[in-house]
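Here is a friendly briefing to read alongside the model. Please have the sequence and the 3D view open as you go.

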Amino acid sequence: LETLIQAIQSCTEIIPPIKLFIIGDGADKRRILWLIDQTHLRARIQVAANDQDYRRFLNNLDVCIAANNTDIGFNPVIAHAHSRGLPIIATDLPGHQQMIEHGKTGLLYTPGNSHILAQHLVNLYTHPDWMSHYKNIGPELVRSRYGVDDFFQAAKDLLES
């Protein structure tokens with residue numbers, strides 16, 4: 001999260017309306033809130049209650065950032081974001097590489113590299129055609145990979161069966 005906060009801080013002049021929603025309520029919350037205060041980004045960053053509720057936030061986002069530092073394999077956040085037509089920026093990890101082809105279906109950055117993450121955010125903001133491409137490619141990708149239009153509904157149906 002430090003990398004993400006640093007990237008947001010470096011983008012504030014180029015992307016004046018930038019805001020960040022951190023979804024999670026882990027053990028590092030106090031340290032993250034302290035860092036947010038130290039970087040004077042309190043007005044731009046909101047910390048949501050828990051990561052189980054991330055799906056309700058997706059419809060309010062312009063970009064989804066999967067900022068994992070360790071490989072968790074299949075990341076359902078990426079599939080859900082693709083399903084909703086959100087451009088995705090993710091750390092360059094094997095599990096994310098299986099779901100995102102850099103430059104075609106999303107953007108990848110090296111874990112810990114806030115400069116590249118910030119550059120990806122600025123590029124999406126300053127190139128509306130890139131943003132449009134990633135918004136359109138996500139739902140197509142979900143249909144072709146998973147055979148469903150809505151990854152949310154498919155996951156729900158699978159859990160109920």
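Glutamate 101 and lysine 104 form a salt bridge, with their closest N and O atoms 3.5 Å apart; the term stands for a side-chain nitrogen of Lys or Arg within 4 Å of a carboxyl oxygen of Asp or Glu. Please bear in mind that this is a predicted model, where local features need pLDDT of at least 70 and side-chain atom pairs count only at pLDDT 80 or more, while totals for chains, interfaces and linings use all residues. Residues are numbered from 1 along each chain as its sequence is written, and side-chain values use heavy atoms, with hydrogens and water left out.

**Salt bridges**

- The count comes to 3 salt bridges by this rule.
- Glutamate 101 is partly exposed, at 43% relative accessible area; buried means under 20%, exposed over 50%, and partly exposed in between, using a 1.4 Å probe and protein chains only.
- Arginine 31 pairs with glutamate 2 in a salt bridge, and their closest N and O atoms lie 1.9 Å apart.
- That pair links distant parts of the chain, 29 residues apart, with arginine 31 in helix H2 (residues 29-38) and glutamate 2 in helix H1 (residues 2-11); helices (H or I, at least four residues) and strands (E, at least two) are DSSP runs numbered from the N terminus.
- Arginine 31 is partly exposed at 38% relative accessible area, and glutamate 2 is partly exposed at 28%.
- Arginine 42 and aspartate 37 also meet through their side chains in a salt bridge, at 3.1 Å from N to O.
- Arginine 42 has a relative accessible area of 43% and is partly exposed; aspartate 37, at 37%, is partly exposed.

**Nonpolar cores**

- The largest nonpolar core has 25 residues, of which Ile5, Ile89 and Leu121 touch the most other members; such a core is a set of buried Ala, Val, Leu, Ile, Met, Phe, Trp, Tyr and Cys residues joined through side-chain atoms within 4.5 Å.
- Elements that each supply at least two residues of this core include H1, H2, strand E1 (20-23) and helix H7 (128-146).
- A second, separate core of 14 residues includes Leu86, Ala90, Met99 and Leu108.
- Leucine 121 touches Ile8, Cys11, Ile15, Ile18, Val63, Ile65 and Ile89, leaving aside residues up to four places away in sequence; contact means heavy atoms within 4.5 Å.

**A positive phi**

- Most residues other than glycine have a negative phi.
- Histidine 40 is not a glycine, yet has a positive phi of about 60°.
- Histidine 40 sits in the loop between H2 and strand E2 (45-48) and counts as exposed, at 71% relative accessibility.
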